[in-house]
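This report concerns the single protein chain shown below. Please keep the sequence and the model at hand while reading.

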Amino acid sequence: MTIAVQKGDSTTPLCVDLDGTLVRTDLLHEAVFMLLRSQPWMLFVLPFWLLKGRTHLKMELARRVTPDPSTLPYREAVLAVVREAKAQGRPLILATASPRRWADAVATHLDVFDRVEATSETVNLAADMKASRLVGLFGEHGFDYIGDSRADIAVWSKARRAFAAHNGAHLPKTVADHINRTDGAVLGSAMNRTERVRTWLKAVRVHQWLKNSLLFVPAILGIRFFDVGTALSLTIAFLAFSLCASAVYLVNDLLDMPVDRKHPTKRQRPFASGKLPVHQGAVASCALLISAFALALFLPTQFLLVLAVYFAVTCAYSLSLKRMLLIDVLTLAGLFTVRVLAGAAAVGGTVSTWLLAFCMFFFLSLALVKRFVELTRHGKDNGLQETGRGYRASDIDTVAQAGMASGFAAVVVLALFIESPQVATNYARPEAIWLVCPLVLYIIMRVWILARRQEMHDDPVVFLLTDWRSQAMIAIGAVIMLLSQIL
């Protein structure tokens, strides 16, 4: 963006805020999640730091973590103005409430600033303190300033020209008045309402809610789904699980921001790209989690316990387990199996050990597909080290072999189930279940062939629930299981 040059612009310093202005994110909020990613137990220490003041909190965080300046989501509109000012020979000052360690890292990376003014051990350089510091250095109305929030009003009032980086919120009238009075400008543009809704839906991963349809499996197999009470209970359970899953997805993305920004596609995720503020993600996650457990109160206590286990394991997965070799895929397979258990708990039913064994092997195969796709996508030279996984390039073939073997084991479990005494008791035509075996084989082999061809672009479970061929196989299998019970 080109800013009209006024008299004195070539010598007037341009002061630029960092958080929310030069970058689309807040480094303080990012640092909190960076610390929790490596040391989750520090969650209980953070409140005590905050009680000693915001400055103390910043300094403690700065001693332990520093965001990587090379991957931060910079605002191109602001960078364009900064580079233009640099070309004009204007003094450039990075003036921020972030700790000096973080500010210096950004300034060194960009290599355009002549001076850095930042928060120290004794001074939180925000609002009035920042205004006072800049006036002391350059005099009242002796500098131009780019900010983004109400906290910058104190600085804008002392600046010669006021510029505001559009942060997506409604521009306060006071800020607009400063901009108009000083012939300033609003830099960049915000997402419209539709784009914002789409971004939030992407952040909570509504499409992943399809996985929770596994809760309906026990009722369908037991021909209880058509009971009104059962259907209502399962619908509530589905919503509770979905909201809980979305809460964890948000936390997962907040924890993974530094890693996601190094990924070719994950860097476009809402929080990694700076499209959504970090603090809003944390608040939304808490709200979703509270809603999930509130809904669970309408269901049997067993369901509430299963939901609590699911939440605890998914949190452990996000914090640590997903970076452990093989533990990650075993956990994923277990989480899918937990969904089946939750479906039974929601209606006061039970799940046979045969179904649990089948689910464990079947979903282990799909979890290994997911890891295989990630390995091949990164290339055999890089492995998965860039995403913090515990796999190496040499593991590709082993992962594929284990995945295929696990899929075939699921079919073997199904075949053995047909000859079990339980089937003779509950199914009128148990021999009909043999027809389900080739359907499962088809699904497993097709998924792996597509993965080998590098044509598997979605989560394998979501793929199965959206791919029409897989849907057809699942529907035929369900009809066969139903008919084998009632004919």
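**Overall build**

The model is predicted: local features need pLDDT of at least 70 and side-chain atom pairs count only at pLDDT 80 or more, while totals for chains, interfaces and linings use all residues. Residues are numbered from 1 along each chain as its sequence is written, and side-chain values use heavy atoms, with hydrogens and water left out.

The chain holds 21 helices and six strands; helices (H or I, at least four residues) and strands (E, at least two) are DSSP runs, numbered from the N terminus. Along the principal axes, the C-alpha atoms fill a box of roughly 90 × 50 × 40 Å. Of the 487 residues, 52% count as buried. Buried means under 20% relative accessible area, exposed over 50%, and partly exposed in between, with a 1.4 Å probe and protein chains only. Contact means heavy atoms within 4.5 Å. Among contacts with a separation of 6 or more, 66% come from residues 24 or more positions apart.

**The sheet**

Six strands make an open sheet with parallel pairing, in the order S3-S2-S1-S4-S5-S6. Its edges are strand S3 (115-119) and strand S6 (185-187), each of which pairs on one side only. From one strand to the next the twist averages 20°. Two strands count as paired if DSSP finds at least two bridges between them. Strands of a sheet pair through backbone hydrogen bonds, either parallel or antiparallel.

| Strands | Bridges | Sense |
|---|---|---|
| S1 (residues 14-16) and S2 (residues 92-99) | three | parallel |
| S4 (residues 144-147) and S5 | four | parallel |
| S5 and S6 | three | parallel |

Individual partners can be named for each pairing. Leu 14 has Leu 92 in S2 as its bridge partner. Asp 144 stands opposite Arg 161 in S5, and the bridge partner of Ala 165 in S6 is Leu 187.

Why is strand S5 (residues 161-165) largely enclosed by the rest of the structure? Five of its five residues are buried. Arg 161, Phe 163 and Ala 165 point one way from S5, whereas Ala 162 and Ala 164 point the other way.

Helix H5 (residues 100-110) lies across S2 and S3 and runs at about 145° to S2. Such angles run from 0 to 180 degrees between N-to-C directions, with axes fitted to C-alpha atoms, for helices over the stretch in contact.

**Helix H3**

The buried residues of helix H3 (residues 54-64) are Thr 55, Leu 57, Lys 58, Met 59, Glu 60, Leu 61 and Ala 62. These buried residues pack against helix H1 (27-38), helix H2 (46-51), S2, H5 and S3.

**The second largest pocket**

A pocket is an open set of points on a 1 Å grid over the protein atoms alone, with protein on both sides within 12 Å along at least five of seven lines; lining residues have an atom within 4 Å of a point. The second largest pocket holds about 1200 Å³ of space. Its lining has 45 residues, and Arg 205, Gln 208, Arg 269, Lys 370 and Asp 459 lie nearest its centre. H16 gives the most to this lining, with eight residues. Helices that each supply at least two residues include helix H11 (228-255), helix H16 (353-378) and helix H20 (460-466). By class, the lining has 17 nonpolar, 11 polar and 17 charged residues.

**Single residues**

Lys 211 is placed in the loop between helix H9 (193-204) and helix H10 (217-221). At 6% relative accessibility, Lys 211 is buried. Leaving aside residues up to four places away in sequence, Lys 211 touches Tyr 249, Phe 336, Arg 339, Asp 459, Val 461, Val 462 and Leu 465.

Gln 401 is in helix H17 (residues 396-418) and is exposed, with a relative accessible area of 54%. Gln 401 and Ser 365 are 36 residues apart in sequence and 9.7 Å apart in space, C-alpha to C-alpha.

Most residues other than glycine have a negative phi. Asp 111, in the loop between H5 and S3, has a positive phi near 55°; at 62% relative accessibility, Asp 111 is exposed. Leu 326, in the loop between H14 and H15, has a positive phi of about 70°, and at 45% relative accessibility Leu 326 is partly exposed.

Note on methods: On a 1 Å grid over the protein atoms alone, a cavity is a set of points where a 1.4 Å probe fits but cannot get out, and a pocket is an open set with protein on both sides within 12 Å along at least five of seven lines; lining residues have an atom within 4 Å of a point. Grid points are joined across faces, edges and corners, and a volume is the space filled by probe spheres set on the points. Ala, Val, Leu, Ile, Met, Phe, Trp, Tyr, Cys and Pro count as nonpolar, Asp, Glu, Lys and Arg as charged, and the others, Gly among them, as polar.
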